Every structure is written in C-alpha cells, then in structure tokens.
Amino acid sequence: MLRVITANLNGIRSATKKGFFDWFGEQNADIVCVQEIKCSQDDMTPEFLAPHGFTGYFQHAQKKGYSGAGIYTRHEPDEFIAGFGSKAFDHEGRYVELRYGDLSLVSVYVPSGSSGEERQAVKYRFMDDFYAHLDALRREREVIFCGDINIVHKEIDIKNWKSNQKNSGCLPEERAWLSKVFDELGYVDVFRALDPRPEQYTWWSNRGQAYAKNVGWRIDYQIATAGIASTARRTSIFRDIKFSDHAPLTIDYDYTLRRHAA
C-alpha cells in the first residue's frame, strides 16, 4: 500500500506550532507533499528536514518567506527534480518531483490570482507552462501530482458557486483548464473518483465563520494518470486539527514503490 498525503501548510513554522509534524508522525504515510512552506533553506530545522525518519526534498523560493514546495519520503528515490524547467516560475519554488521506477510523484503549488489582474495573468501563464509539462510527463511515466491547484473544478467543489463566478479560483477559464487536464490529457481527479459526496472541501477563508460553517472550496488535489489512479482505494480529508487554512488530503493506493535496478 502507498499512502500519499498532500497539505498546504501556509508557513511550515506556523503549521509546526499547530501540531502538523506530531500528526504527520502518526499517519503511517509513505509520501507527504507540502506546499507554501514560506521558509528558506537556511531556516530549515532538523525537524523540517527529516521528521520521523523521513527525508525531505524541497524547492525554495528566491523571495524570502514566500511559496516553496517539498516532498517527504520514507523511500529513497531514483531521482529528485526541483522545478519543471520553467524560467518564469522555477525561482518561485513551486515544483518538486521524485521518481521511482516509472512513477513520478510531484508536489506543486499553482499561483493564486486573487490579489489582482496582474497575478491572475501570471497564474494563466503558469497554467499554460504546466499543462505542456503535464502533457510531456504523462507520455513517458505514470504520475501522481499533488498540491494546491488553486482552482475548484465543478459546482460540487465549492459552497457558494454563483457568488464566486468572478473570483480567482472559480473563473470559467480556470475550470476549463482543469477539465482539459482531465478530458484531453487523461488525468484523473483521484479524490472525486473515490468520494462523490458534496461539501468535501480543503480550504476555507479566514474571514467570518467559514471554517466552522464549512463554507469552503476544494482546491487541493491528488491528480494521477489513469494507471496509478485505478489503484486508489481510500481517501480522507483531515479536519480534526486546523494546521493552516487548508486541510490535508490523504489517499491510499494499492501500489508498491519500486526503484529502478542499479
């Protein structure tokens, strides 16, 4: 069994104080993908680098206290890749990939466009670059890419559908892009394949009582090529402890990680 967790931490130091690594150690996970660690290499403590016998692999943003992505693993990979070859975005710390045999595990943090039109334009450029990368990757490997995609897909994935149609993360162009990832590239929304229930969210605004009232968005995903997606067996969103404004998403795959023979 391969247990994969993804979690946007909204600051690794903040999430640590709220008990993230204590929880992490009890999950019997194989892979833990994290995003928005907001921490430079110089600030990474031993707990951040190698918790509970895991090894962490990271890409930090050049801008201090910003973005950053990582993967923790109990299994030594064949290869570690930081960035996806994008001159425009690799300095922002948005992509980490570990390779095991013919499987790639990816932690990705798609930019938010909520601060204004300029950042929304940046988000669209990222989506274009990342789509091309996903297309190339799936032609040669099985893929599980995890992370904060910052886009809801359908009405079932957001509490207030109508009122958010003009807001970043719920724009028709963004949702159409995600549909293309599924329909044209053949990737699978693994959580939704396992759990068809409404009101299953992973992010809540800090305004008002959004978390308490479950007024949320499902913007954190595990998205996979069809072969590995077909092995998914169980999924859960963890809400018992609030480590950040996002909730961790766990999926179990009936799969064993294998490295290429030396």
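In this predicted model, Asp 189 and Arg 218 are both buried, buried meaning under 20% relative accessible area, exposed over 50% and partly exposed in between, with a 1.4 Å probe and protein chains only. The two residues form a salt bridge in which the closest N and O atoms are 2.6 Å apart; a salt bridge is a side-chain nitrogen of Lys or Arg within 4 Å of a carboxyl oxygen of Asp or Glu. Because Asp 189 lies in strand β9 and Arg 218 in the loop between β11 (216-217) and β12, the pair ties together parts that are 29 residues apart in sequence. Strands (E, at least two residues) and helices (H or I, at least four) are DSSP runs numbered from the N terminus. A network of salt bridges links Asp 157, Asp 189, Arg 192 and Arg 218.

Residues are numbered from 1 along each chain as its sequence is written. As the model is predicted, local features need pLDDT of at least 70 and side-chain atom pairs count only at pLDDT 80 or more, while totals for chains, interfaces and linings use all residues; side-chain values use heavy atoms, with hydrogens and water left out.

The search of the whole structure finds 21 salt bridges. One of them joins Arg 99 to Glu 140, with 3.8 Å between the closest N and O atoms. Arg 99 belongs to strand β6 and Glu 140 to the loop between α4 and β8, so this pair ties together parts 41 residues apart in sequence. Arg 99 counts as buried because its relative accessibility is 16%, whereas Glu 140, at 53%, counts as exposed. Glu 92 also forms a salt bridge, with Arg 94, the closest N and O atoms being 2.6 Å apart; Glu 92 and Arg 94 are both buried.

An open sheet of 6 strands runs in the order β5-β6-β7-β8-β12-β9 with mixed pairing, two strands being paired if DSSP finds at least two bridges between them. Its edge strands are β5 (79-82) and β9 (188-189), each of which pairs on one side only. Strands β7 (residues 103-109) and β8 (residues 142-148) are parallel, with 7 bridges. Across this pairing, Ser 107 stands opposite Cys 146, and Leu 103 has Glu 142 as its bridge partner. Helix α4 (residues 117-138) packs on the sheet and touches β6 (95-100), β7 and β8, its direction making about 5° with that of β6. Helix α5 (residues 172-183) packs on the sheet against β8, β9 and β12 (220-224), at about 30° to the direction of β12. Contact means heavy atoms within 4.5 Å; axes are lines fitted to C-alpha atoms, for helices over the stretch in contact, and angles run from 0 to 180 degrees between N-to-C directions.

Strands β6 and β7 pair in the antiparallel sense over 6 bridges, with Glu 97 opposite Val 106. They form a hairpin with 2 residues between them, and Gly 101 in the turn has a positive phi of about 55°. In β7, 7 of 7 residues are buried. Leu 103, Leu 105, Ser 107 and Tyr 109 point one way from β7, and Ser 104, Val 106 and Val 108 the other way.

The largest nonpolar core has 30 residues, and those with the most contacts inside it are Leu 2, Ile 31, Leu 105, Ile 144 and Tyr 253. A nonpolar core is a set of buried Ala, Val, Leu, Ile, Met, Phe, Trp, Tyr and Cys residues joined through side-chain atoms within 4.5 Å.
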